[in-house]
Amino acid sequence: MTTGATLLGSDEPLQTAYDVALLDLDGVVYRGAFGVAGAPEAVTAARAAGMRVMYVTNNAARAPQTVADHLTELEIPTSAQEVTTAAQAAAALVASEAHPGTRVLTIGGEGLRLAMAAEGLTVVDSADDAPTIVVQGFAPTLGWRDLAEAVYAIRAGADYIASNLDATLPTDRGMAPGNGALVAAVVHATGVTPRSTGKPQASIFHQAARRSEARNPLVVGDRLNTDIAGARAAGYPSLHVLTGVDQITDVLRAVPGERPTFLAADLAGLARTHPLPEWHGGAWTCGTAAARVEGTTLVLTRTDGEVALGGGSDPTEVSLDEFRAATAAAWTATDAVGPDHPRSGDAGGSVLPADFPPLRLASE
Ligand SMILES: [Mg+2]
């Protein structure tokens with residue numbers, strides 16, 4: 001069990017308590033083609049308060065300048081120096097191990113090729129050019145011929161790195177195969193498992209912190225198993241926002257290695273203080289909110305009575321402080337029974353059941 005995987009409090013707004021925000025993109029500042037409401041204002045306010053921003057993305061296909069141009073179009077003026085991609089993280093790893101004979105075969109988009117070139121690495125186009133290492137990242141144009149080049153080179157002894165292992169990629173038509181799915185084809189054909197540098201690995205966050213000269217960075221993300229797990233791996237605190245993939249129930253049921261440090265509806269949470277839930281009078285309390293877990297049921301105490309939530313209950317609205325108190329209650333109850341407890345194992349690690357109802361934040 002990971003120790004210390006609990007919420008933290010901050011008496012200061014996060015944007016003055018931390019010097020750099022390591023921000024995820026999709027589900028945090030935009031969703032597909034559209035900006036997240038309030039994100040430009042929140043980033044502007046954080047910058048005005050002295051916080052710097054560094055965008056950290058597992059997308060290895062787009063060059064940093066392309067990402068920066070997209071953000072600037074969404075009214076978040078951004079330079080290429082404020083973007084760290086999984087391609088750059090992979091290139092940094094290759095460069096750190098490179099010797100004069102290193103020849104890199106890139107399987108992926110222009111962003112991956114540019115990142116290798118920016119590190120001064122020799123990039124080749126074919127397995128016939130005797131590459132010493134294959135680096136694979138997602139590109140929508142990737143096909144059998146590209147995967148075949150990777151397989152020829154790896155079977156001939158080349159080392160193998162993947163920019164990230166995301167199984168899926170969100171598109172406007174639903175989930176599509178991500179880099180991890182295409183990597184799986186190469187793994188199947190070679191029996192060789194690549195090293196990966198993207199989220200949830202710590203290396204992309206360490207590189208982003210180094211590039212932004214952060215002393216005290218805060219990771220911000222919407223996905224527990226990439227952004228937040230990567231933050232834990234890197235040893236950085238994290239803010240989870242509800243504008244993307246994972247929602248309140250996912251946070252309540254999170255395993256220790258994927259638990260965020262702070263909770264907010266959206267990026268406006270950077271400008272807020274964050275009260276710490278406390279154990280008080282038989283419940284976890286936060287402001288006027290109180291929550292406790294009894295068996296597999298979450299009980300919220302309100303001025304007009306108690307609300308008991310368990311498997312199959314109806315969706316419910318909660319306040320942000322109730323979300324915090326419920327999170328402390330759910331994580332503590334889960335840790336108390338331990339990961340080997342059959343009830344916790346059946347539910348994927350949490351005492352709260354898999355069919356625990358979706359909770360929504362009430363508007364403040
Ligand atoms: Mg995201």
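Me: Are Tyr-18 and Phe-262 buried or exposed?

Reply: Tyr-18 is buried, and Phe-262 is buried too; buried means under 20% relative accessible area, exposed over 50%, and partly exposed in between, with a 1.4 Å probe and protein chains only. This is a predicted model, in which local features need pLDDT of at least 70 and side-chain atom pairs count only at pLDDT 80 or more, while totals for chains, interfaces and linings use all residues. Residues are numbered from 1 along each chain as its sequence is written, and side-chain values use heavy atoms, with hydrogens and water left out.

Me: How many aromatic pairs does the structure hold?

Reply: There are two aromatic pairs, a pair being rings of Phe, Tyr and Trp (its six-membered ring) with centres within 6.5 Å; planes under 30 degrees apart count as stacked, over 60 as edge-to-face and the rest as tilted. Tyr-18 and Phe-262 form an edge-to-face pair, at 6.1 Å centre to centre and 65° between the planes.

Me: Which parts does that pair tie together?

Reply: Tyr-18 lies in the loop between helix H1 (14–17) and strand E1 (20–23), and Phe-262 in strand E15 (residues 262–264), so the pair ties together parts 244 residues apart in sequence. Helices (H or I, at least four residues) and strands (E, at least two) are DSSP runs, numbered from the N terminus.

Me: Changing topic, what does the side chain of Arg-292 make a polar contact with?

Reply: The partner of Arg-292 is the side chain of Glu-306, at 3.0 Å. A polar contact is a pair of N or O atoms within 3.5 Å; within protein, one must be able to donate a hydrogen and the other to accept it, and residues adjacent in sequence count only if both atoms are side-chain atoms. Arg-292 lies in strand E18 (residues 289–294).
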